[in-house]
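This report describes a protein model for a reader who is new to structures. Please look at the sequence and the model before reading on.

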Amino acid sequence: MSLYRVIQAGYRRGGRSLATQTCPLFQQVPVVPEEKLADNEEEEEDLIEKKRNKSRLRKWHYAKFHQQPLPLTEDEEQVLALSYQRKLFGNYGFASGISPAKLWPSKQEMAMYAEKERVAYPDSVVEMIRMAKEKKREEEEAILKSQETMVRNMAQLEGWKKEVRQRIEKKEKEALAAKEKRERLIEEVRSILGYRIDPKDERFKEALLQKELQEKKEKKAAKKLEKQQRMIQKLLNQSDESKSAQKTPTSDDPDSMMGTSIV
């Protein structure tokens, strides 16, 4: 193909060389116009590029995958929205083939943007700077307060650990006491029945329930008796106080003034 181009270039420069005059093969080569030759070159380049494309992707998909701009046709420029064309120009620049002159916003769009800016940000620049400084100051104060709380909590950590350990020990003691109480009740029920019996037996369960009810009644009676004793002791104390108050003489009592010398 390159030899064919050399021959055509010789013809375009004018005149035949000695080789073309003597060689009958060269004399049979027809003259091709430059326009047709250019078209043939473009077709050849397209064919070469097509053969290079081993992925077999379409032109649009290939350009998108390799992040290459795909120039728009005149119909596409008329149909596609300006927002999409602005996006293409922003991604690929002048390589997209889009003129930036038509992408500039119109007067209506500029007015809409100004109104949106006024509604979204009604404060002035000075006010916004002041608000930003105030927000930053509040955030710093919150951080300092949080750090102080952490330091104070760390100082109280040992006390909290001690309280947790005490609560755990208390629960363990209560559980152990409940277990010992149940074992004691089981042994008492067995001693009452006079023989060893399976705790799952219904007779054993009924006897154990009766024993528990009896202990509850005894505890209730003991609490009632203790309350009565406290009330009696309180009444006795009040009576002693009233008696001592009656025995103490006062200056207003005329009987207490008897036998007192008047100077």
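## Overall make-up

How many helices and how many strands does the secondary structure of the protein come to? There are 11 helices and 0 strands, where helices (H or I, at least four residues) and strands (E, at least two) are DSSP runs numbered from the N terminus. Read from the N terminus on, the elements run α-α-α-α-α-α-α-α-α-α-α.

The model is predicted: local features need pLDDT of at least 70 and side-chain atom pairs count only at pLDDT 80 or more, while totals for chains, interfaces and linings use all residues. Residues are numbered from 1 along each chain as its sequence is written, and side-chain values use heavy atoms, with hydrogens and water left out.

The protein has 263 residues, of which buried residues make up 11%. Buried means under 20% relative accessible area, exposed means over 50%, and partly exposed is in between (1.4 Å probe, protein chains only). A contact means heavy atoms within 4.5 Å. Among contacts between residues at least 6 apart in sequence, 27% join residues at least 24 apart.

## The largest pocket

Rolling a probe the size of a water molecule over the atoms shows where empty space is left. The work is done on a 1 Å grid over the protein atoms alone; a cavity is a set of points where a 1.4 Å probe fits but cannot get out, and a pocket is an open set with protein on both sides within 12 Å along at least five of seven lines. Lining residues have an atom within 4 Å of a point. Grid points are joined across faces, edges and corners, and a volume is the space filled by probe spheres set on the points.

The largest pocket holds about 480 Å³ of space. Its lining has 15 residues, and Glu49, Asn53, Leu57, Lys59 and Tyr62 lie nearest the centre. Helix 4 (34-52) and helix 5 (59-65) each supply at least two residues of this lining. By class, the lining of the largest pocket has 6 nonpolar, 2 polar and 7 charged residues. Here Ala, Val, Leu, Ile, Met, Phe, Trp, Tyr, Cys and Pro count as nonpolar, Asp, Glu, Lys and Arg as charged, and the others, Gly among them, as polar.

## The second largest pocket

About 380 Å³ of space lies in the second largest pocket. This pocket is lined by 18 residues, with Trp60, Leu70, Tyr84, Leu88 and Tyr92 nearest its centre. Two or more lining residues come from each of helix 5 and helix 7 (82-92). Helix 7 gives the most, with 5 residues. The classes in this lining are 11 nonpolar, 4 polar and 3 charged.

Is Ser96 buried or exposed? Ser96 counts as buried because its relative accessible area is 4%. Ser96 sits in the loop between helix 7 and helix 8 (107-120). Leaving aside residues up to four places away in sequence, Ser96 touches Pro69, Pro71, Leu72, Leu88 and Phe89.

The structure holds 1 aromatic pair. Phe89 and Phe94 form this edge-to-face pair, at 5.3 Å centre to centre and 80° between the planes. Rings of Phe, Tyr and Trp (its six-membered ring) pair if their centres lie within 6.5 Å; planes under 30 degrees apart count as stacked, over 60 as edge-to-face and the rest as tilted. Phe94 is exposed, since its relative accessible area is 65%.

## Salt bridges

Side chains of opposite charge can pair when their charged atoms come close. The structure holds 7 salt bridges, a salt bridge being a side-chain nitrogen of Lys or Arg within 4 Å of a carboxyl oxygen of Asp or Glu. One of them joins Arg86 and Glu109, with the closest N and O atoms 3.1 Å apart. This pair links distant parts of the chain, as Arg86 is in helix 7 and Glu109 is in helix 8, 23 residues apart. Arg86 is partly exposed at 23% relative accessibility, and Glu109 is partly exposed at 22%.

Arg137 and Glu141 meet in a salt bridge with an N to O distance of 2.5 Å. Both lie in helix 9 (residues 125-155), 4 residues apart, about one turn of the helix. Arg137 is partly exposed, at 36% relative accessible area, as is Glu141, at 42%. A network of salt bridges links Glu134, Arg137 and Glu141.

In helix 11 (residues 202-247), Arg230 and Glu226 are 4 residues apart, about one turn of the helix. Their side chains form a salt bridge (3.4 Å, N to O). Glu226 is partly exposed, with a relative accessible area of 44%.
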